[in-house]
Amino acid sequence: MICELSMNLKRHIYTLLVFALLFSPILLQAQDPVYSQFYNAPLQLNPAFAGNTTYPLFHVNSRVQWPNIANAYTTYSASYDQYFERTNSGLGLNIVSDDAGNGILKTINIGGIYSYRLQLREGYNIKIGLEAAYVQTRLDWNKLVFSDQIDPGAGIITAGGSILPSTEIQPNNLSSGYLDISTGFLLYNPLFYVGLGLKHINTPENNVLGGTQSFIGVPTRFTLHGGMQINFDRGNKVDEGAFISPNVLLIKQGGFYQVNVGAYTSVRNLLGGIWFRHTVNNSDAVIFSIGAKIDAFKIQYSFDYTISELSINSGGAHEIGIKVALESLGPKKSKYNDCLAMFR
């Protein structure tokens with residue numbers, strides 16, 4: 001019985017921890033959901049990635065972060081994009097659903113994306129992208145557990161089986177909807193690429209708790225990313241299409257900083273990669289990725305092995321990324337003179 005009470009109390013303390021992470025004024029101005037498999041969610045990274053193929057390209061992603069801490073964060077997304085040669089334009093649709101604190105705070109983002117490509121000179125291209133999205137955020141007040149509801153011995157349940165009351169007053173407004181504008185550019189040639197994505201450039205208000213100062217103005221997210229592609233193609237079937245792509249990703253949003261450094265590789269039907277993530281103040285995680293290509297499908301799994309003070313006891317993070325490339329529906333079989341194969 002004592003063990004059961006202890007586990008019950010621990011579970012609610014975890015819930016309080018997640019609540020604190022969600023609603024701390026400092027961390028509230030921190031990061032959007034960012035996939036470790038950023039190459040499998042390029043429209044999340046930079047709207048200029050819309051239209052990297054002349055055929056319909058679909059991405060489906062899921063991320064479960066810190067599953068041992070009350071399922072702290074889960075994120076799902078799906079996207080479509082395609083390039084249209086006649087107009088030098090790319091179109092995209094991106095849908096993201098984020099669940100923080102095991103359903104406490106839910107956000108859904110639906111965005112339409114347009115990009116335009118300019119050829120600077122032979123082999124050099126620049127793409128400019130613009131995204132307009134509608135974002136809906138909803139707070140489930142009934143799932144919140146406050147400190148005055150927790151009894152050190154019994155948790156939040158009384159001897160009679162009822163939940164202890166709280167003196168906290170529920171706000172009148174538990175949801176918020178707003179227009180979110182993002183932009184970005186991408187410069188690339190057959191050897192390297194570099195880009196800059198700017199999310200929330202209109203710093204929209206997200207006053208889900210009725211105008212509390214901490215919830216006004218989603219801070220702009222700056223994403224600087226770049227890399228290169230080293231091809232192993234020597235004209236034989238073993239090496240055809242094989243490459244390794246070293247890359248770096250830097251993110252700043254409010255007071256939060258993140259740096260990912262690593263490499264992605266593709267050899268025949270096998271995909272893989274390894275990255276190191278640092279948050280400037282501390283080393284955060286080592287990311288391992290493995291996957292396979294099967295006809296029009298690519299599927300990858302990645303695991304974030306936490307090395308910060310939070311430790312692997314948090315459960316790290318698990319991701320699955322799926323690509324579906326409908327090349328047969330394109331105008332012709334495409335051969336690209338660039339270094340963006342890891343994003344296709």
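The chain has three helices and 15 strands, where helices (H or I, at least four residues) and strands (E, at least two) are DSSP runs numbered from the N terminus. This is a predicted model, in which local features need pLDDT of at least 70 and side-chain atom pairs count only at pLDDT 80 or more, whereas totals for chains, interfaces and linings use all residues. Residues are numbered from 1 along each chain as its sequence is written, and side-chain values use heavy atoms, with hydrogens and water left out.

**The chain as a whole**

- Of the 344 residues of the chain, 47% count as buried; buried means under 20% relative accessible area, exposed means over 50%, and partly exposed lies in between, with a 1.4 Å probe and protein chains only.
- The accessible surface of the chain comes to about 16900 Å², and carbon and sulfur atoms hold 62% of that surface; such areas come from the Shrake-Rupley method with a 1.4 Å probe, and for residues only the protein chains shown count as cover.
- Among the contacts in the chain with a separation of 6 or more, 57% are between residues 24 or more positions apart, a contact being heavy atoms within 4.5 Å.

**Strand 7 and its partners**

- Strand 6 (residues 175-188) pairs with strand 7 in the antiparallel sense over six bridges, given that two strands pair if DSSP finds at least two bridges between them.

**Two non-glycine residues with positive phi**

- H200 is not a glycine, yet has a positive phi of about 60 degrees; H200 is placed in the loop between strand 7 (192-199) and strand 8 (221-228).
- With a relative accessible area of 6%, H200 is buried.
- D295, likewise not a glycine, has a positive phi of about 55 degrees, and lies in the loop between strand 13 (283-294) and strand 14 (297-306).
- D295 is exposed, with a relative accessible area of 80%.
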